[in-house]
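This report describes salt bridges, helix packing and overall architecture in turn. The structure to which it refers is shown here.

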Amino acid sequence: MARPTMAQDIERRIKELILDRALGPGDPLPTEPELMELFAAGRVSVREALKALQAMNVVEIRRGFGTFVGSLSLTPFAEGLAFRAVVRHGRGEPGLLELMKVREALETGLVGAVSAGIPAEDLTVLRSLVATMEAEAARDGRVARATDRAFHLALYASLDNHLLSEVLDAFWAAMDRVRTSTDDGHQDPATTCRQHHEIVVAVAAGDGVRAASAMRAHFDGIRARLERHPAGGGYGVTVTDRLPDACLPSAR
């Protein structure tokens with residue numbers, strides 16, 4: 001295994017500094033000269049480390065103001081998932097299918113916990129989102145992905161797990177960046193509405209087994225199409241937003 005570079009070692013030590021000082025998003029970090037002195041390192045190595053950490057949202061560099069702890073969001077994780085899926089698909093490997101299977105396993109495994117005691121206000125939100133889906137299906141002939149995404153994020157709100165919410169949203173963001181002709185937006189809208197309604201009914205009844213079954217049924221269509229056409233086969237893939245330079249291979 002190759003030894004870490006000076007910049008990589010500084011990355012590690014900056015992370016340790018954040019932990020040791022119990023810093024959080026938005027808190028100021030030592031200035032560049034202070035970091036150079038603290039780590040006995042040159043300007044180039046410190047800047048390289050800070051740029052790498054900025055790409056991961058660990059730090060935020062505000063020109064003219066200083067360096068701060070970053071948002072620590074999972075956006076780079078989502079971008080990495082999307083980029084990996086596109087690369088593997090282009091090589092004839094089932095990158096999209098793998099991404100969907102992980103999301104399916106995560107959501108199917110969690111919906112039972114939601115069924116154990118979802119608050120009435122969350123059910124109201126979910127029912128309202130299903131009504132929005134039905135209105136979109138009638139008006140536009142499709143269910144907006146934003147509405148579908150909002151439903152799935154609202155479904156797990158009662159678990160009160162911030163990391164879980166970020167991970168789920170990261171999977172959605174990754175799938176949104178990787179467009180295929182097999183995505184949820186091309187599913188029969190009546191089927192989409194019915195499946196989401198069934199999930200709400202099961203969760204409201206406190207029936208975890210039924211809820212998990214309904215969630216699996218929701219994923220069946222796209223999963224089956226991806227299994228038939230794991231790569232190529234006329235199922236085009238595009239990246240809807242240009243992946244940030246931070247997600248591309250480093251020039252270091």
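## Salt bridges of the charged side chains

E93 and R91 are joined through their side chains by a salt bridge of 3.7 Å, N to O; the term denotes a side-chain nitrogen of Lys or Arg within 4 Å of a carboxyl oxygen of Asp or Glu. E93 is partly exposed at a relative accessible area of 25%, whereas R91, at 62%, is exposed. Here buried stands for under 20% relative accessible area, exposed for over 50%, and partly exposed for values in between (1.4 Å probe, protein chains only). Both residues belong to a salt-bridge network that links R84, R88, R91, E93 and E98.

D140 and R139 form a further salt bridge, with their closest N and O atoms 3.1 Å apart. D140 is partly exposed at 45% relative accessibility, and R139 is exposed at 57%. Another salt bridge, of 2.6 Å from N to O, connects the side chains of E32 and R43. This pair links distant parts of the chain, with E32 in helix 2 (residues 32-39) and R43 in helix 3 (residues 43-55), 11 residues apart. R43 is partly exposed, at 39% relative accessible area. The count of salt bridges comes to 14.

## Basis of the model

The model is predicted: local features require pLDDT of at least 70 and side-chain atom pairs pLDDT 80 or more, while totals for chains, interfaces and linings use all residues. Residues are numbered from 1 along each chain as its sequence is written, and side-chain values use heavy atoms, leaving out hydrogens and water.

## Packing of helices 4 and 5

Helix 4 (residues 75-90) packs with helix 5 (residues 95-115) at an angle of about 140°, and their axes lie 7 Å apart. The two helices are therefore oblique to each other, a class for angles that are not under 35 degrees (roughly parallel), over 145 (roughly antiparallel) or 65 to 115 (roughly perpendicular).

In helix 4, L81, R84, A85, R88 and H89 meet G95, L96, E98 and L99 of helix 5, contact being defined as heavy atoms within 4.5 Å. By class, four nonpolar, two polar and three charged residues make up this contact.

## Overall architecture

The protein has 10 helices and four strands, taken as DSSP runs (H or I, at least four residues, for helices; E, at least two, for strands) numbered from the N terminus. Their pattern along the sequence is α-α-α-β-β-α-α-α-α-α-β-α-α-β.

Of the 252 residues in the protein, 42% are buried. Among contacts between residues at least 6 apart in sequence, 70% join residues at least 24 apart.

Notes. Axes fitted to C-alpha atoms, helices over the stretch in contact; angles between N-to-C directions. Nonpolar A, V, L, I, M, F, W, Y, C, P; charged D, E, K, R; others polar.
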